[in-house]
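These entries record what I looked up in one structure. I began with charged side-chain pairs and then turned to a helix packing.

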Amino acid sequence: MKEQAFLDAKKIVEERYPNSQAAILAGSVVRYEATETSDLDIVVFDFSIANSYRESFFSLNWPVEVFVHNQTSYREFFNEDCKKGIPSLPRMIVEGMPLKGAKHIHSIKEEAANRLAEGPEVWNEETIQLKRYFITDTAEDIKGATHRAEGIFTANLLADQLHEFYLRTNQQWIGKGKWVIRSLKLYDEDFAKQFTRAFDQFYRTGETEEIEKLVESTLEPFGGPLFDGFSVGKSNDI
């Protein structure tokens with residue numbers, strides 16, 4: 001599949017973006033993780049355009065997503081992605097296979113690799129305390145949930161909060177959707193297994209014991225759950 005994807009992506013670039021200087025095939029097909037519903041993720045560099053854009057279409061029996069940048073616009077997306085802690089574009093470029101313009105791609109790949117190696121910004125103490133408080137609050141909501149539907153969506157929120165807290169406090173990149181568990185596995189395979197087991201148990205049985213243990217072990221190095229004494233925005237003025 002990877003070889004065919006490369007050939008098809010190359011043809012798409014030649015036909016739809018003939019004036020581009022460079023292009024990269026990224027996504028699941030280059031990681032050998034493609035499924036029947038996988039698309040072609042292509043990053044195109046056209047130095048003549050004023051603004052970056054994104055478009056989706058079907059071609060050669062593939063759903064295709066194309067991210068088109070000029071000579072500098074990709075850096076804005078690097079900054080935005082890294083600020084959120086989700087380095088989507090830098091990762092795509094680092095993992096990607098050149099379709100054309102290797103001489104241009106080399107330096108861009110170096111930039112992307114350097115951004116990934118730097119990791120996300122370090123959380124300050126105020127941010128850590130705020131995140132501890134919200135995780136504690138959500139965990140209590142799950143324990144007290146009396147309606148199955150409410151419990152499910154509260155668990156969804158807690159899973160996102162916990163994965164973010166664990167990775168960011170260890171200066172690691174986070175993810176969204178399927179990249180939540182992928183990001184955890186990239187950093188700590190054992191924690192990823194514990195994380196999956198805890199939420200799987202809840203979704204199957206409604207039991208919260210494993211989730212409670214996960215919350216406690218995740219927050220323990222930072223003082224544990226936080227409620228009593230928490231304050232934010234309070235003025236000391238009389």
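**Entry 1. Salt bridges in total.** I note at the outset that the model is predicted. I looked up how many salt bridges the structure holds, and the count is nine. Side chains of opposite charge can pair when their charged atoms come close. I then examined several of these pairs in turn.

**Entry 2. Arg 115 and Glu 118.** I found a salt bridge between the side chains of Arg 115 and Glu 118, with an N to O distance of 3.7 Å. Both residues belong to helix H4, which covers residues 102-118. They are three residues apart, about one turn of the helix. I next checked accessibility for each partner.

**Entry 3. Glu 164 and Lys 131.** I recorded a second salt bridge, in which the side chains of Glu 164 and Lys 131 meet at 3.3 Å, N to O. For Lys 131 I noted a relative accessibility of 26%, so it counts as partly exposed.

**Entry 4. Glu 209 and Lys 213.** I looked up the salt bridge between the side chains of Glu 209 and Lys 213, where N to O is 3.5 Å. Because the two residues are four apart in helix H9 (residues 209-219), about one helical turn separates them. Glu 209 is partly exposed at 47% relative accessible area, and Lys 213 is partly exposed at 42%. I also noted that salt bridges with shared partners join Glu 209, Glu 210 and Lys 213 into one network.

**Entry 5. Helices H2 and H3.** I asked at what angle helix H2 and helix H3 pack. H2 (residues 73-84) and H3 (residues 88-95) pack at about 120°, and their axes are 7 Å apart. This angle makes H2 oblique to H3, because the roughly perpendicular class ends at 115 degrees and the roughly antiparallel class begins over 145. On the H2 side, I listed Tyr 74, Phe 77, Phe 78, Asp 81 and Cys 82 as making the contact. H3 contributes Ser 88, Leu 89, Pro 90 and Ile 93. By class, I recorded seven nonpolar residues, one polar and one charged in this contact.

Terms used:
Residues numbered from 1 in each chain as written. Predicted model: local features only at pLDDT ≥ 70, side-chain atom pairs only at ≥ 80, totals over all residues. Heavy atoms only, no water. Axes fitted to C-alpha atoms, helices over the stretch in contact; angles between N-to-C directions. Parallel < 35°, antiparallel > 145°, perpendicular 65-115°, else oblique. Contact = heavy atoms within 4.5 Å. Nonpolar A, V, L, I, M, F, W, Y, C, P; charged D, E, K, R; others polar. Salt bridge = Lys/Arg side-chain N within 4 Å of Asp/Glu carboxyl O. Buried < 20%, exposed > 50% of the residue type's maximum accessible area, 1.4 Å probe, protein only.
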